[in-house]
Amino acid sequence: MEESRVSSWGMVRSILAILQWWAFNVSVIIMNKWIFQKLDFKFPLTVSCIHFICSAVGAYIAIRLLKIKPLIEVDPEDHWRRIFPMSFVFCINIVLGNVSLRYIPVSFMQTIKSFTPATTVVLQWLVWRKYFEWRIWTSLIPIVGGILLTSMTELSFNVFGFCAALFGCLATSTKTILAESLLHGYKFDSINTVYYMAPFATMILAVPAVLLEGQGVINWFYTHESIFPSLFIIFSSGILAFCLNFSIFYVIHSTTAVTFNVAGNLKVAVAVLVSWLVFRNPISSMNAFGCAVTLLGCTFYGYVRHMISQQPAVPGTARTPSTPQGRMEMIPLVSDKQGTI
C-alpha cells in the first residue's frame with residue numbers, strides 16, 4: 001500500500017514537473033515573439049541582454065541569499081579558461097535564438113531547433129572524429145527530412161531568420177560538446193550554470209547591444225505608446241526566463257531520460273500550437289506534416305540514444321552526448337529548443 005502511494009506520488013510529481021516546465025518554456029517563447037511583433041521592440045540583442053541580467057540577479061539571490069542551491073566552487077583560473085569560452089558560446093546560442101524569433105514564426109523556429117541532434121552528431125564526427133553506429137545515423141533521417149519539408153513549405157519563410165535558427169543549432173551543439181571537455185570535473189546544475197555564465201554573457205553582449213541597437217531603443221522609448229506596460233512585459237520575460245532554469249532543474253530530477261526526451265518533443269508541439277492560437281501565422285498542411293515528422297524523428301533519436309546508452313561500452317566507440325539525466329545536469333537545454341536563457 002505504501003509503495004503504491006509512493007509510486008502514485010512519483011507519477012504526479014513527474015506530471016507536475018513537466019507541466020510547469022512546459023508553461024515556463026512556452027510563456028518565454030510566446031512573450032519574446034509578442035515583444036518583437038506586437039510591441040514593435042525589434043531589438044533581439046537588448047532582449048537577450050535583459051534576460052541575462054535578470055538571470056544573473058535571480059541566480060545570485062537563489063544561491064547567495066535564499067541558499068536554494070549550494071554554490072559549486074570554481075577555481076579562479078577556470079573562470080577565464082573554462083567558464084568564459086562556454087559563456088561566449090552560451091551567449092551566441094541565446095542571441096541567435098532570439099534573432100530567429102524576430103524574423104520567423106515560432107512554429108518554424110522551433111522546428112529548425114529540432115535539428116540540433118543532427119548537428120551535434122555531425123560536428124562530433126567531423127571535428128572530433130567520433131564514431132557513431134548505423135542506428136544513430138538512421139535515426140537522423142526523419143529529422144533531416146522533416147526539416148527540409150518544413151523549410152520548403154513554410155509560408156512565412158525568411159532567409160535571415162532561417163540562417164539564424166540554423167546557426168543557433170550549431171551553437172547549441174558546440175555548447176553541448178564543449179561542456180563535456182571544458183566543464184569536466186564540475187557537476188553544474190542549471191542554477192549554478194546561470195550563476196557563472198549569465199554575468200559573462202551580459203559583459204559580452206552589452207557593448208554590441210548598445211552600439212547596434214542603442215539608438216533604436218531610445219527612439220522606441222520616445223515613439224511607443226503605453227511605455228510602462230510594455231517595459232513590464234519585457235522585464236517579465238526576463239524573470240520568466242530565469243524561472244525556466246528552475247523548472248529545468250526540477251523536471252530533470254523528477255523524470256527519467258526517456259520521459260524527458262518525449263516531454264521535450266511534446267513541448268515543441270505545444271509551443272507550436274499555442275503560438276498559432278496567439279499569432280495565427282499561416283501553416284500549410286505539408287508544413288504541419290513536416291513539423292510532425294521532425295518531432296517524431298527527435299523522439300526516435302532519443303529512444304535509440306537511450307537504448308545504446310544501456311549497452312556495455314565498446315572500445316573505440318563514442319556514445320552520443322549525454323542526456324541531462326545521469327544525475328548530472330548539463331547546461332540548460334534552449335533547451336534545448338528553448339531559444340532563451
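Predicted model: local features only at pLDDT ≥ 70, side-chain atom pairs only at ≥ 80, totals over all residues.
Start with the overall make-up. The protein chain has 11 helices and zero strands. From the N terminus on, its elements run α-α-α-α-α-α-α-α-α-α-α. The chain counts 341 residues, and buried residues make up 54% of them.

Now take helix α6, residues 134-153. Its 20 residues, at 1.5 Å a residue, should span 28 Å. The end C-alpha atoms lie 30 Å apart, which agrees with that expectation. Which residues of α6 are buried? They are Ile-136, Ser-139, Leu-140, Ile-143, Gly-146, Ile-147, Leu-149, Thr-150, Ser-151 and Thr-153. These buried residues pack against α4 (106-113), α5 (116-126), α7 (159-182) and α11 (285-309).

Two of those partners, α4 and α7, also meet each other. Their axes come within 9 Å and cross at roughly 35 degrees. On the α4 side, the contact is made by Phe-108, Ile-112 and Lys-113. On the α7 side, Phe-162, Ala-165, Leu-166, Gly-168, Cys-169 and Thr-172 take part. The crossing of α4 and α7 is right-handed.

Helix α11 is another partner of α6. Asn-287 sits in α11. Is Asn-287 buried or exposed? Its relative accessibility is 4%, so it counts as buried; the cut-off for buried is under 20%. The Asn-287 side chain reaches the backbone oxygen of Thr-150 at 2.9 Å. Thr-150 is itself one of the buried residues of α6. Leaving aside residues up to four places away in sequence, Asn-287 touches Thr-150, Thr-153 and Glu-154. Thr-153 is also among the buried residues of α6.

Last, the cysteines. How many disulfides does the structure hold? It holds zero. A disulfide needs two cysteine sulfur atoms within 2.5 Å. For Cys-54, the closest cysteine sulfur belongs to Cys-243 and is 9.9 Å away, so the pair is too far apart for a bond. Cys-54 has 15% relative accessibility and therefore counts as buried.

Technical notes
Residues numbered from 1 in each chain as written. Heavy atoms only, no water. Helix = DSSP H or I, 4+ residues; strand = E, 2+ residues; numbered from the N terminus. Expected span 1.5 Å × (residues − 1). Buried < 20%, exposed > 50% of the residue type's maximum accessible area, 1.4 Å probe, protein only. Contact = heavy atoms within 4.5 Å. Polar contact = N/O pair within 3.5 Å; in protein donor to acceptor, adjacent residues only side chain to side chain. Axes fitted to C-alpha atoms, helices over the stretch in contact; angles between N-to-C directions. Left-handed = near helix turned anticlockwise from the far one by under 90°.
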